[in-house]
Amino acid sequence: MSLSGKVALVTGGATGIGFATVKVLAERGARVAIAQLEGARGLEAVERLGSPSVAGFQVDLRDRGSIQRCVKAVAESWGHIDILVNNASITGKAALRKFVDITPEHLDLLVDTNLNGTVYCSQAVAKQMIASGRGGSIIHVSSVGAFAAQENASLYCATKAAQVMLAKAMAIELAPHGIRVNCVAPGDIHTETSAKAVDEVKSSGATGNFLRMTPMGRRGSPEEVGRAIAFLASDDASFITGSTLLVDGGFLAY
């Protein structure tokens, strides 16, 4: 699954699943742009990776102009963009809220970041891909929450379900341009943000009655999700589009 000669843009690539994805893509030969809200955090991630094929760019997913400037900067720096990974999202404790306590501010934060940001990034990159005539691969990082409701996470689940259907519709429209669009849906993945996930769900006032177990008996690693993303981005997945790949250790098997 070589990605030699490919250019990838990963939103939220400085931490968690995003960081692991950047690492995997770079190891497989891609040049990778880390698009991060906090520019300093992005540069720190670049230093940690220590790879000349990785660079940091600043982006605010709630600002369409910022997204367009970031995509333009990446395309001008490396000539084109072949892979987009829409990874950045409001997740973990910040995404939790009882449905009756959802405020307009909380609604705007999750929808603007998780859904609108995915739309605007995909639009900007798809236009670059069409203009280059190279085609490409766009991958949304959704969640098992798109398929299994989670207590006190109604908005999070709704935005993740929206990403799944968005990928299907985008796949239909962009196929004539050689652009494939897919999702990955991670299950219980151990990251800094999710390290205390169960405790945070319970502290949000959830009953805990609807927590599932992972049949494989462990939490997944960010690298395992990164490798699934790398597969979807590669030519080995050349006839896969409009699909969602579950990376959940069997979480949704029952």
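Me: Before we start on this predicted model, what counts as a contact?

Reply: It comes down to a distance between heavy atoms. Two residues are in contact when heavy atoms lie within 4.5 Å.

Me: How much of the chain counts as buried?

Reply: The C-alpha atoms fill a box of roughly 50 × 40 × 35 Å along the principal axes. The accessible surface comes to about 11,700 Å², with 55% of that belonging to carbon and sulfur atoms. As for the 254 residues, the buried share is 47%.

Me: Let's zoom in on α3. How far apart are its end C-alpha atoms?

Reply: Helix α3 covers residues 64-78, which makes 15 residues. At 1.5 Å a residue it should span 21 Å, and the distance between its end C-alpha atoms agrees: 21 Å.

Me: Within what arc do the buried residues of α3 fall?

Reply: The buried set is Ser 66, Ile 67, Cys 70, Val 71, Val 74, Ala 75 and Trp 78. Seen down the axis of α3, they line one face of the helix, because they fall within an arc of 165 degrees.

Me: And which exposed residues sit on the face turned away from the buried side of α3?

Reply: The buried side of α3 packs against β1 (7-11), β2 (31-36), β3 (54-58) and α4 (104-132). The face turned away from that side carries Arg 69 and Glu 76.

Me: What happens at the two ends of α3, and which residue just after it takes a positive phi?

Reply: At the start, a side-chain oxygen of Asp 63 comes within 2.9 Å of the backbone nitrogen of Gly 65. Just after the helix, a positive phi of about 90 degrees turns up at Gly 79.

Me: Which elements are included in what covers the buried residues of α7?

Reply: Helix α7 runs over residues 222-233, and its end C-alpha atoms are 16 Å apart, in agreement with the 16 Å it should span. Its buried residues are Pro 222, Val 225, Gly 226, Ala 228, Ile 229, Ala 230, Leu 232 and Ala 233. Their cover includes α1 (16-27), β4 (83-86), β5 (136-141), β6 (179-186) and β7 (244-247).

Me: Is Asn 152 buried or exposed?

Reply: Asn 152 sits in the loop between β5 and α5 (154-174), and it has a positive phi of about 65 degrees although it is not a glycine. Beyond four places in sequence, it touches Ala 95, Leu 96, Arg 97, Lys 98, Ser 204, Gly 205 and Ala 206. The cut-off is under 20% relative accessible area. At 12%, Asn 152 is buried.

Me: What is the relative accessible area of His 106?

Reply: His 106 lies in helix α4. Setting aside residues up to four places away in sequence, it touches Ala 94, Ala 95, Leu 96, Arg 97 and Leu 155. His 106 is buried, with a relative accessible area of 5%.

Me: How far apart are the C-alpha atoms of Phe 19 and Ser 53?

Reply: Phe 19 is in helix α1 and is buried at 13% relative accessible area. Apart from neighbours within four places, its contacts are Gly 12, Gly 13, Ala 14, Ala 45, Arg 48 and Leu 49. Along the chain, Phe 19 and Ser 53 are 34 residues apart, while their C-alpha atoms are separated by 14 Å.

Me: Last one: how far apart in space are Asn 87 and Thr 118?

Reply: Asn 87 is in the loop between β4 and α4, and counts as buried at 12% relative accessibility. Not counting residues up to four places away, it touches Val 10, Thr 11, Gly 12, Ile 17, Gly 18 and Val 141. Asn 87 and Thr 118 are 31 residues apart in sequence, and C-alpha to C-alpha they are 8.5 Å apart.

Terms used. Residues are numbered from 1 along each chain as its sequence is written. This is a predicted model: local features need pLDDT of at least 70, side-chain atom pairs count only at pLDDT 80 or more; totals for chains, interfaces and linings use all residues. Side-chain values use heavy atoms; hydrogens and water are left out. Helices (H or I, at least four residues) and strands (E, at least two) are DSSP runs, numbered from the N terminus. The expected span of a helix is 1.5 Å times one less than its number of residues. Buried means under 20% relative accessible area, exposed over 50%, partly exposed in between (1.4 Å probe, protein chains only). The arc is that of the directions from the helix axis to the C-beta atoms. A polar contact is a pair of N or O atoms within 3.5 Å; within protein, one must be able to donate a hydrogen and the other to accept it, and residues adjacent in sequence count only if both atoms are side-chain atoms. Accessible areas come from the Shrake-Rupley method with a 1.4 Å probe; for residues, only the protein chains shown count as cover.
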